[in-house]
Amino acid sequence: MIADSQKALGVAGAITEADNRGQAVKVIYDSPWMPAAGYQQDYVQSLGHYSVSPTIAVIAHPGGPGNHQIQWRQEVHMYDVYDFAKPTGEYGNMAQAAVENARQGYLLGLARNFLVYGSGSVQTWSGVA
């Protein structure tokens, strides 16, 4: 998952920086928006393709390999533009019929594109890495 890889990069980068400086450091990593896709059926039908951007703040203390005191906080942000003008045919079954109905509403001027955005809950962790 995108958030897990961003977390690993953030922790590794903060450890390197703490060891190089010889003191505790706080590093914030904010990734660019990256496309994602739902991996479960209800995820795909509700969101389809969307964009995510994880942000992580890491406090790392210098130490030996596997002995760095670490604290991190991470939050994942997402956005999606509901665009009825682009039929994809990827949903199948009754969900595709709903998408086609919404598309017809768009073509008739009864529906408009709209932006949806939000953030997940803040995840925290502290320990030795």
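Gln74 touches Ala3, Gln6, Lys7, Pro54, Thr55, Ile56, Ser121, Val122 and Gln123, when residues up to four places away in sequence are not counted, a contact being a case of heavy atoms within 4.5 Å. The model described here is a predicted one, in which local features need pLDDT of at least 70 and side-chain atom pairs count only at pLDDT 80 or more, while totals for chains, interfaces and linings use all residues. Residues are numbered from 1 along each chain as its sequence is written, and side-chain values use heavy atoms, with hydrogens and water left out.

Gln74 belongs to strand S4, where helices (H or I, at least four residues) and strands (E, at least two) are DSSP runs numbered from the N terminus. With a relative accessible area of 6%, Gln74 is buried; buried means under 20% relative accessible area, exposed means over 50%, and partly exposed lies in between, with a 1.4 Å probe and protein chains only. The side chain of Gln74 also reaches the backbone oxygen of Ala3 at 3.0 Å.

Elsewhere in strand S4 lies Val81, which is partly exposed, with a relative accessible area of 45%. Leaving aside neighbours within four places in sequence, Val81 is in contact with Phe114 and Leu115. The C-alpha atoms of Val81 and Val116 are separated by 6.2 Å, although these residues are 35 residues apart along the chain.

The pairing of S4 was examined next, two strands being counted as paired if DSSP finds at least two bridges between them. S3 and S4 pair in the antiparallel sense over 10 bridges, and Val52 has Met78 of S4 as its bridge partner. S4 also runs antiparallel to strand S5 (residues 114-119), to which six bridges join it, and in S5 the bridge partner of Asp80 is Val116. Six bridges likewise join S4 to strand S6 (residues 123-128), again in an antiparallel arrangement, with Gln71 standing opposite Ser126 in S6.

The largest nonpolar core has 11 residues, namely Val11, Ala14, Ile15, Ala18, Val25, Val27, Ile56, Val58, Ala60, Ile70 and Trp72. Such a core is a set of buried Ala, Val, Leu, Ile, Met, Phe, Trp, Tyr and Cys residues joined through side-chain atoms within 4.5 Å. Two or more residues of this core are given by each of helix H1 (2-21), strand S1 (25-30), strand S3 (49-60) and strand S4 (69-82), and the largest share, four residues, comes from H1. Ile56, one of the core residues, touches Gln6, Lys7, Gly10, Val27, Ile28, Tyr29, Trp72, Arg73 and Gln74, not counting residues up to four places away in sequence.

Over the whole protein, the secondary structure comes to three helices and six strands, which follow the pattern α-β-β-α-β-β-α-β-β along the sequence. Of the 129 residues, 26% count as buried, and among contacts with a separation of 6 or more, residues 24 or more positions apart account for 65%.

The mean pLDDT of the protein is 84, and 81% of its residues reach 70 or more, pLDDT being the predictor's confidence in each residue, from 0 to 100. Confidence is highest in S6, at a mean of 95, and lowest in helix H2 (residues 41-46), at a mean of 57. Where pLDDT is low, the predicted coordinates should not be read in detail.

Technical notes
A polar contact is a pair of N or O atoms within 3.5 Å; within protein, one must be able to donate a hydrogen and the other to accept it, and residues adjacent in sequence count only if both atoms are side-chain atoms.
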